[in-house]
Amino acid sequence: MKSPNPFSPGFSAPPSAFFGRTDYLDRVRSSLGDRLDPNRCFFVEGTRGSGKTVLLHQLGTMTRERGWFALTMNSLHATAELLEVLSEEFGVHQTLRASLKPTLTIPGLGNASVGEVRAETKGDHATPLLTTTVTRALRKKSRWKGLFIGIDEGQRLDEHDAVEICSAFQEARSQGLPMVLVIAGLPGTHERIGAFPNCTFVKRAPRMVLEPFSVDETLGALASLFAKVPEIELTQDALFELGHFTQGHPYLVQLVGYHLYEVVDRAHAEELAGSKGRVRPTENEIRAAEALAYELYRENILKPVVDPLGAKTIAYLAALAETMDEDGVMANDASVAKAIGKQGTRQTAEYRRSLIDKCLLEDLGRGKLGFVIPYIPRYLRERAETMRVVDRTGKWKREM
Ligand SMILES: Nc1ncnc2c1ncn2[C@@H]1O[C@H](COP(=O)(O)OP(=O)(O)O)[C@@H](O)[C@H]1O
Ligand SMILES: [Mg+2]
């Protein structure tokens, strides 16, 4: 095929095409313009694969295009990294930086030792080094209009780094300096960081919860990317089938699109080699692409999300999935409690609450629940089946 594959389902590298999340991009974009906008700290929250890292990168790109200095980084050693990059870029704290550098490079020591260095004293009060660095950088004449900091994997941000970063942000905001802070993390990150000293303002920060794409967004994303491959002709029915398969999960959109391109490319190599080669994928080819997409989705999303939950919670989920109707609505009723050997629904409330907090279940009101991540019931069934096989094999071995 002459046109390259426009889909890029790689998990670490940013995708070649970004789609959706327009309201969140707009919210951050509009906060760049107004120096006194109180909403310059945002929280991006979502389960694994919901698009947190990708959105953070997109926000970085967008702010950079608007003349801001944008930094997105992992939460590990965030203070040390920020000090390093800001000192370099804005030429602040040159002397301190020189003395800090050796500490920064010692693996294992990381940010704790760095962050404990206090830069300046105002009376008895020591100002953290990062706060001084950030405010000085922003006061300095430079080519940048402001500073965008994106912290990824916020659930792993340690208290020390959280306090450093939040203090620097608060100070910049109180001085009217242009800084935007976005922290991305798994559900619950917001509450965890908000409980640290000096970070309570975080509790009021707007949250951007990454939900699956709507039907229109999903079909729009698929259609716009397949439009870049004129060799593949997708009927409306095929487009809808693919969209339905993804259930609006952004990673599944990338995966299924990527594999359909590959399947078609392999199956019709000769036809496509011609100058006007154009093929309409068959139903079997669509199914094959979906199967390949599901396999990777299962390994990269379902397994890491479901397997660590613990046997009892998984049993609860499996019993709950049994109550699912054709609209995907489930009831947390007595039959679920009975299936896992509990007397009443009250005893399952604990599982229910923790799964809602983790954004795996969605509370639909009146005791009804839904799964947030697609294909969990299918994975639970497959998992139970594998367990049975493993079990039988074990018995058979013992009997030998
Ligand atoms: N808005 C988006 N546009 C395009 N692809 C996306 C988008 N969001 C997520 N993806 C796809 O899903 C994959 C997982 O997203 P990622 O941001 O790494 O998830 P998270 O950080 O929440 O675990 C990405 O590699 C990308 O292929
Ligand atoms: Mg991520």
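Reply:
**Around ligand 1**

Of the 19 residues around ligand 1, those that come nearest are Gly-51, Lys-52, Thr-53, Pro-250 and Tyr-251 (a residue is near a molecule if its C-beta atom, placed from the backbone, lies within 6 Å of it). This is a predicted model, in which local features need pLDDT of at least 70 and side-chain atom pairs count only at pLDDT 80 or more, while totals for chains, interfaces and linings use all residues. Residues are numbered from 1 along each chain as its sequence is written, and chains are lettered from A and ligands numbered from 1 in the order in which they are written.

At least two residues of the shell come from each of helix H2 (52-65) and helix H11 (250-267); helices are DSSP runs of H or I, at least four residues, numbered from the N terminus. Domain 1 (22-209) and domain 2 (215-306) each give the shell at least three residues, with bounds from an automatic or database domain assignment.

The largest nonpolar core has 48 residues, and Val-256 and Tyr-297 have the most contacts inside it. Such a core is a set of buried Ala, Val, Leu, Ile, Met, Phe, Trp, Tyr and Cys residues joined through C-beta atoms within 7 Å, where buried means that 20 or more other C-beta atoms lie within 10 Å of a residue's own. H11 supplies the largest share of this core, 10 residues. Not counting residues up to four places away in sequence, Tyr-297 touches Tyr-251, Leu-252, Leu-255, Leu-302 and Tyr-375 (contact: C-beta atoms, placed from the backbone, within 7 Å).

Methods: A residue is buried if 20 or more other C-beta atoms lie within 10 Å of its own, exposed if 12 or fewer, and partly exposed in between; C-beta atoms are placed from the backbone. Two residues are in contact if their C-beta atoms, placed from the backbone, lie within 7 Å.
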